[in-house]
Amino acid sequence: MSQLRAEDIYPVLRDYVARELLHGEDAGLTADTPLLEWGVIDSLSLAELLAFIEQRFSIQMAEEEVTPEHFQTLGALSELLARLSRAHA
Amino acid sequence: MARGLLALGLRRGDRVALWHEKSWRIVAAMQGALRAGMPYVPIDPQTPPERARQMLRDCGAAVVVTGRERAERLGQDLGPLAFITLEGAPRSDLPGLGWEALRSLAGPVPARAGQPDDLAYVLYTSGSTGRPRGVCLSHRNALAFVRWWARELGLSPADRVANHAPFSFDLSVFDLYASFLAGACVCLLPEAAAIVPGRVVDFLLREGITIWYSVPSALRLLLEHGPLMEMPPAALRWRALLFAGEVFPIKYVRQLRRRWPETRLLNLYGPTETNVCAFHEATGEIPEDRIEPLPIGRACSGDRIWAVRADGVPVGPGEDGELWVEGPTVMLGYYGQSPQAGRAYATGDLVRVLPGGEFLFLGRRDDMVKVRGYRIELAEVEAALLVHPAIRDAAVVAVGEGPAGRLVAFVEAREAPPPLLALKQHLATHLPRYMIIDDARYLPALPRTATGKVDRLQLRRLWMEENDTKTHAVEEVKTR
């Protein structure tokens with residue numbers, strides 16, 4: 001699998017969150033929006049987001065990587081996925 | 001911990017607030033407070049500071065046990081509040097003790113203070129007046145329930161009890177105190193792990209959990225998204241699954257029964273105000289064609305329950321009414337209101353009396369809803385929305401069920417309607433996360449009934465129509 005860069009991952013994740021979790025309303029959604037704190041992501045949507053990541057990027061996150069810090073913002077998540085993709089490549 | 005509380009000059013009856021992630025240190029704080037005869041007030045770690053302040057003021061807390069960062073965020077504007085920080089020491093300008101200072105306190109363990117009818121803890125629930133409300137429970141209230149359940153389950157030192165619920169949620173009272181009573185081991189599932197099904201299953205295996213107690217939504221998340229169903233059933237040692245807080249659709253109960261036929265499945269019932277006052281055990285095979293959910297069941301914990309009609313007349317088998325509870329587990333009252341110990345409590349839950357004398361939950365008689373097992377007063381979410389300067393009026397409805405339960409706001413805007421994310425950001429400063437709306441719709445005017453009340457039924461209908469259309473559209477695309 002080719003290596004992914006955070007700047008390529010971010011727009012895909014942003015598009016997913018806007019479409020699936022904000023019902024298409026992406027106004028104000030940035031790499032720094034606190035997703036957990038503002039109730040954008042909850043336990044069910046987290047499970048669905050993980051499934052999306054696995055399917056879209058072929059990256060399986062280890063359980064211990066699924067932590068609130070990594071899902072706090074789209075920026076943090078994109079960085080993590082880019083790191084994982086480098087490690088797996 | 002008890003020494004520390006006394007060293008800070010606190011006395012029996014003073015309230016000890018706890019605002020921290022789950023850890024054994026916070027459990028020690030609960031124990032220390034009880035030892036010193038002081039009730040504790042657990043605040044969910046995700047509570048925004050504004051709301052935490054509101055609770056601290058409401059119960060007149062004398063000390064808050066927390067982390068250094070939260071202590072600083074609360075600051076000093078809360079009167080004589082002292083701080084105990086569980087990591088490091090409080091900032092030098094804040095009164096209080098750090099963990100190391102606490103550990104270095106010498107002297108005998110303070111004598112046990114307090115009586116069975118003293119306040120043991122205060123649990124804040126969503127309030128219909130738009131503010132959180134503190135439910136006051138005594139040692140006797142908690143013990144009546146915990147003793148009954150430890151006996152019913154035959155809890156022993158061989159058991160390993162999972163603690164899934166936050167300490168601010170009454171399910172945790174069973175986890176902690178039934179375990180202590182029986183000498184069982186209680187295993188804390190950290191908040192961060194509880195939202196990831198794979199990590200929960202790891203926890204179940206690693207800790208060899210024998211007793212699990214949670215809201216049904218948590219079990220559903222495991223059944224639908226975790227590796228739970230792919231594992232050999234014998235890998236899990238759970239011998240009893242307890243669930244409470246919302247209706248558990250029967251198909252999931254059937255799934256659990258088939259997979260783990262030897263595991264007891266217990267549906268517990270009871271608002272925070274009464275602890276668990278009723279239960280039903282699912283026994284035997286659950287037929288494929290059964291659709292009705294498990295009943296609330298019959299009374300337990302030494303309580304008496306019955307249903308009454310709107311005119312106060314008790315109802316019999318086949319009839320519907322509101323459920324009332326009386327007995328040793330019923331709360332002392334709400335914080336700041338005159339105590340009502342010994343009085344019967346009207347739950348607001350509508351039930352049907354079944355032929356065998358058990359009770360079946362039908363719905364609520366007011367605007368309280370359960371979303372993902374959390375109890376939410378819609379008025380409280382609406383009150384928080386109305387604080388936003390761009391909002392003239394708002395009504396919130398709950399849609400969906402189980403883990404897919406959602407809060408939708410219908411809003412009349414005063415000016416340019418704020419985007420959904422802005423509403424979420426606004427609510428996040430006033431409400432816990434589980435009360436933040438999932439979606440919003442702007443209307444020129446909220447629909448009203450003939451009496452001028454917001455017509456929630458109409459709002460739910462609007463929502464369903466819109467979403468039916470969406471579902472149809474998706475299906476159309478798929479079939480093309």
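A residue is treated here as buried if 20 or more other C-beta atoms lie within 10 Å of its own, as exposed if 12 or fewer do, and as partly exposed in between, with C-beta atoms placed from the backbone. The structure is a predicted model, in which local features need pLDDT of at least 70 and side-chain atom pairs count only at pLDDT 80 or more, while totals for chains, interfaces and linings use all residues. Residues are numbered from 1 along each chain as its sequence is written, and chains are lettered from A and ligands numbered from 1 in the order in which they are written.

B:Tyr434 is found in the loop between α13 and β24 (439-442) of chain B, where helices (H or I, at least four residues) and strands (E, at least two) are DSSP runs numbered from the N terminus. Two residues are taken to be in contact if their C-beta atoms, placed from the backbone, lie within 7 Å. When neighbours within four places in sequence are left aside, B:Tyr434 is in contact with B:Val371, B:Arg372 and B:Tyr374. B:Tyr434 is also 361 residues from B:Arg73 in sequence, and the C-alpha atoms of the two are 22 Å apart in space.

One of these contact partners, B:Arg372, lies in the loop between β20 and β21 of chain B. B:Arg372 has a positive phi, near 50 degrees, in a residue other than glycine, and B:Arg372 counts as buried because it has 24 C-beta neighbours inside 10 Å. The strands β20 (368-371) and β21 (374-377) are included in what covers the buried residues of α12(B), together with β22 (391-399), β23 (406-413) and α13 (420-428) of chain B. The buried residues of this helix α12 (residues 378-386) are B:Leu378, B:Glu380, B:Val381, B:Glu382, B:Ala384 and B:Leu385.

A nonpolar core is defined as a set of buried Ala, Val, Leu, Ile, Met, Phe, Trp, Tyr and Cys residues joined through C-beta atoms within 7 Å. The largest such core has 176 residues, and those with the most contacts inside it are B:Val16, B:Leu18, B:Val41 and B:Val63. Helix α6 (residues 139-153) of chain B gives the most to this core, with 8 residues. Apart from neighbours within four places in sequence, B:Val63 is in contact with B:Leu5, B:Leu8, B:Leu10, B:Val16, B:Leu81, B:Ala82, B:Phe83 and B:Ile84.

Helix packing was examined in both chains, with axes being lines fitted to C-alpha atoms, for helices over the stretch in contact, and angles running from 0 to 180 degrees between N-to-C directions. Angles under 35 degrees count as roughly parallel, over 145 as roughly antiparallel, 65 to 115 as roughly perpendicular and the rest as oblique. In chain B, helix α9 (residues 197-207) and helix α10 (residues 216-225) pack at an angle of about 100 degrees with their axes 9 Å apart, and α9(B) and α10(B) are therefore roughly perpendicular to each other. In this pair, B:Pro197, B:Val200 and B:Val201 of α9(B) meet B:Leu221, B:Leu222 and B:His225 of α10(B).

In chain A, helix α1 (residues 6-21) and helix α4 (residues 74-88) pack at an angle of about 130 degrees, with their axes 9 Å apart, and α1(A) and α4(A) are therefore oblique to each other. The contact is made by A:Ala6, A:Ile9, A:Tyr10, A:Leu13, A:Arg14 and A:Val17 of α1(A) and by A:Leu74, A:Leu77, A:Ser78, A:Glu79, A:Leu81 and A:Ala82 of α4(A). These residues divide into 9 nonpolar, 1 polar and 2 charged, where Ala, Val, Leu, Ile, Met, Phe, Trp, Tyr, Cys and Pro count as nonpolar, Asp, Glu, Lys and Arg as charged, and the others, Gly among them, as polar.

The loop between α1 and α2 of chain A holds A:His23, which has a positive phi of about 55 degrees although it is not a glycine. A:Asp32 has its place in the loop between α1 and α2 of chain A and is exposed, with 11 other C-beta atoms within 10 Å.

Between the chains, 19 residues of chain A are in contact with 21 residues of chain B. Helix α2 (residues 43-57) of chain A supplies the largest share of the side of chain A that touches chain B, 4 residues.
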